[in-house]
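Let's take a friendly look at one helix and its surroundings. Here is the model to explore.

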Amino acid sequence: MDCSVQPTRYPDLFLISTSDFFFPLVEDPYLQGKIGCANVLSDLYAMGVWQCDTMLMTLAASTEMRTSDRDIVTQKMIEGFNDLALEACTKVTGGQTVLNPWPIIGGIAMSTCKEVDFIRPEGGEVGDVVVLTKPLGTQVAVNLKQWLTQEHWWDRVKDVATK
């Protein structure tokens, strides 16, 4: 389960929260920001929570880029993340920014719900319908694509994967 489900101090209300982040998957930093936001929200959606009360953004600005490039890329990633949050009828209300060799974008999504407003994954039974929000193996495929350019990683999987 990618989400935390915690009862609140208010009767019958639960705080559903999740955190996630992505390193670059695409060349377009604006699109990367949107992907990062969608990835965070998808964890809530997978539990049937379709309304997100608030988001926090986690951002790492790359130390490996020239300052002028980093400023543009970072701003575009922030714009993409914020735009998708607004499209999802939520907003980013805070977050954390650090410097890191890789640019990273992600965050935390939170929603307060009643028990009837979300689906607990541990309650699944044989015969239940499973709704996939993305194709199975997506993360593995992304990792393998990136490992193709990093010999030490590719050497670890070359016997079980093809180029």
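In helix 2 of this predicted model, Arg-70, Val-73, Thr-74, Met-77, Gly-80, Phe-81, Leu-84 and Ala-85 are buried, where buried means under 20% relative accessible area with a 1.4 Å probe and protein chains only, and exposed means over 50%. Because they cover an arc of only 130° around the axis, they lie on the same side of helix 2; the arc is that of the directions from the helix axis to the C-beta atoms. An α-helix has 3.6 residues a turn, so residues three or four places apart point the same way. On the other side of helix 2, Ile-72, Leu-86 and Glu-87 are exposed.

What covers the buried residues of helix 2? The cover includes these elements:

| Element | Residues |
|---|---|
| Helix 1 | 29-45 |
| Strand 3 | 54-62 |
| Strand 4 | 92-100 |
| Strand 5 | 104-113 |

Helices (H or I, at least four residues) and strands (E, at least two) are DSSP runs, numbered from the N terminus.

Helix 1 and helix 2 pack at an angle of about 45°, with their axes 6 Å apart. The axes are lines fitted to C-alpha atoms over the stretch in contact, with angles from 0 to 180 degrees between N-to-C directions, and contact means heavy atoms within 4.5 Å. Among the residues making this contact are Gly-33 and Gly-36 of helix 1 and Met-77 and Gly-80 of helix 2.

After helix 2 comes Cys-89, with a positive phi near 65°.

Residues are numbered from 1 along each chain as its sequence is written. Local features need pLDDT of at least 70 and side-chain atom pairs count only at pLDDT 80 or more, while totals for chains, interfaces and linings use all residues, and side-chain values use heavy atoms, leaving out hydrogens and water.
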